[in-house]
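Please open the structure in your viewer and keep the sequence beside it. The tour below goes from one selection to the next and says what is found at each stop.

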Amino acid sequence: MTVNNSPFASPENQELLANRYQLQKLIGKGGMGEVFLASDVLLGGTPVAIKFLSQTVNPSIEAKFNREALLSAALSQKSIHIVRAYDYGISRSGKAYYVMEYLSGQVLKELFPISLNIFLNLTRQICLGLHCAHQGVSMDGQIYQLVHRDIKPANIIVIPDPMLGQLVKILDFGIAKFLNSTGTLNTKGFHGTLPYCSPEQLEGEELDSRSDIYSLGVVMFEMLTGQKPWQPQNHHFGVWYKIHQFETPKAMTEANPYLQVPEEVNQLIMACLEKKPENRPQTMSDIIRALSKVNISTAAFPAVSRQHYSQNSNSHNSLKLGNYQNINEGYKKFFWPRNKPIKEIVFPQLIDINNVSKTSLWLMLSQPEIEKRDKPKIYNQFTFISTPHPMLLWLTVLHNHKLEPRWLPCYLDMKSTQNFDVVSALITNESYPLMFFSLESPHSCVKILANSISKTQKQKLKTWLKQSQMLSSSSDFLSSKHLLKQRYKQIQAQISARLHYNNKLV
């Protein structure tokens, strides 16, 4: 598909960029430019991502841009945790661009908040990528140490990996940070994202690796709590300047009262958030060493554990269809995650019930729609596909007499550690709460229903879980999702026919 409404779409979109790259569609847009999915015709149509920088590079600084592009490309060859840069250039319209590997994965923020073991794995990989950059790249007999200057969740992608389970890739390293508003190339002057900027960065000072360490501290806090260390009422520069210069970050337990984090992790994050660079860990190696000493048996509660969920001692074995009558309205303490859109969607979520990790299904609907579906019958169906990428379809159907069925499909990438844990907990508990959240403010949980899986479904899920462990990942997991969507249509037709027949009998 060709994007024609972009300032970069003409004439590059109609003709091959650099006689090699055919732009397909716009896949990302930010303050520094736009990112297109493109095909490399010289490599048989291999997909690549091309980022056009928002500034025009004039001839006087083109040579400097080329030099920084070479540095960025060289850096990307040194670490698997930095997005691979293949090519660079200047378009006919004067826009600087660079060509990167195309990644099919999730932005780090989509995973927030995460459990301790996943936190340790992903954070260590982020540190390894930054450590490589901070060590520097050799060029013309000199070592050039690189500071990212914009570490934030949006610049970190997590993709499935057969060896690591989840592989971290850091984006936007290098070229764009050397272009400031005057069109010169340097590392001074403000550039970054306000909630993640170090105090010295906001002052426009010369930066070193300790600025990235501060930004990483903000990200680490957010990874575990789902919130930033500060919650200002607006995002003006002056407000964030005051926060980063003078305000102490809130405690992690204040952001998430039910989170259990080892004290060494808490101390590490707070040290990274120190105002003065000399008071922070001085290198990424220091952080990696600290992470390696964490006792992983001390588990942080999974994603939504900050919302307390209490049951009495008999509730675990008395799950029945209909409202949970024995949780003493505890479900009302759950609120819709901030990283999820406010619209009619459904997704599985791990929650903590009496220190037991349990799978739940979260659904957002309008309040009138929730009230209409007072006591629906709930049907489950699971379908698995192993190639080209292992993926599971979890389909839940809500059926009320005289109402159209409500279809709730979830497509789970089974090379994702989070989804693996979701299915494992579902197998272990054999039942799950279906939690209804209102579209209307304050987006709290207003009703909860219970459902269980059959023994046959449990056995199938066990088999598929084992297969997923043995199967290799594929970058083409979108093809698997497309195949599952086709199966979903077939299943939908079969279930609809069955429900229609049952309605006739009522």
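Begin by selecting E344 and R406, which form a salt bridge whose closest N and O atoms are 2.5 Å apart; the term stands for a side-chain nitrogen of Lys or Arg within 4 Å of a carboxyl oxygen of Asp or Glu. E344 lies in the loop between α8 and β11 (346-353), while R406 belongs to strand β15 (residues 406-413), so the pair ties together parts that are 62 residues apart in sequence. Helices (H or I, at least four residues) and strands (E, at least two) are DSSP runs, numbered from the N terminus.

Before going on, note that this is a predicted model, in which local features need pLDDT of at least 70 and side-chain atom pairs count only at pLDDT 80 or more, whereas totals for chains, interfaces and linings use all residues. Residues are numbered from 1 along each chain as its sequence is written, and side-chain values use heavy atoms, with hydrogens and water left out.

E344 is partly exposed, because its relative accessible area is 42%; here buried means under 20% relative accessible area, exposed means over 50%, and partly exposed lies in between (1.4 Å probe, protein chains only).

A search of the whole structure finds 13 salt bridges. Side chains of opposite charge can pair when their charged atoms come close. Select D40 and R20, whose side chains meet in a salt bridge of 2.8 Å, N to O. This pair links distant parts of the chain, with D40 in strand β2 (residues 33-40) and R20 in the segment before β1 (21-30), 20 residues apart.

Next select D286 and R289, another salt bridge, with the closest N and O atoms 2.4 Å apart. Both residues are in helix α8 (residues 284-292), and because they are three residues apart there, about one helical turn separates them. D286 is partly exposed at 26% relative accessibility, and R289 is partly exposed too, at 46%.

Two strands are taken to pair if DSSP finds at least two bridges between them.

How many bridges join strand β9 (residues 156-161) to β10? The two pair in the antiparallel sense over six bridges, and along them I157 stands opposite K169, while I156 has I170 as its bridge partner. On the other pairing, two bridges join β6 to β9, and V107 has I157 as its bridge partner in β9.

Six of the six residues of β9 are buried, so this strand is largely enclosed by the rest of the structure. Both of its faces are covered, with I156, V158 and P160 buried on one side and I157, I159 and D161 buried on the other.

Move to L103, in the loop between β5 (95-101) and β6 (106-107); L103 is buried, with a relative accessible area of 18%. Not counting residues up to four places away in sequence, L103 touches V83, I157, I159, K169 and L171, where contact means heavy atoms within 4.5 Å.

**Last stop: the nonpolar cores**

Finish with the largest nonpolar core, which has 56 residues, those with the most contacts inside it being L108, F119, L122, I269 and I287. Such a core is a set of buried Ala, Val, Leu, Ile, Met, Phe, Trp, Tyr and Cys residues joined through side-chain atoms within 4.5 Å. Its largest share, 10 residues, comes from helix α2 (residues 116-135). Apart from this core lies another, of 29 residues, among them I370, L392, L398 and L461.
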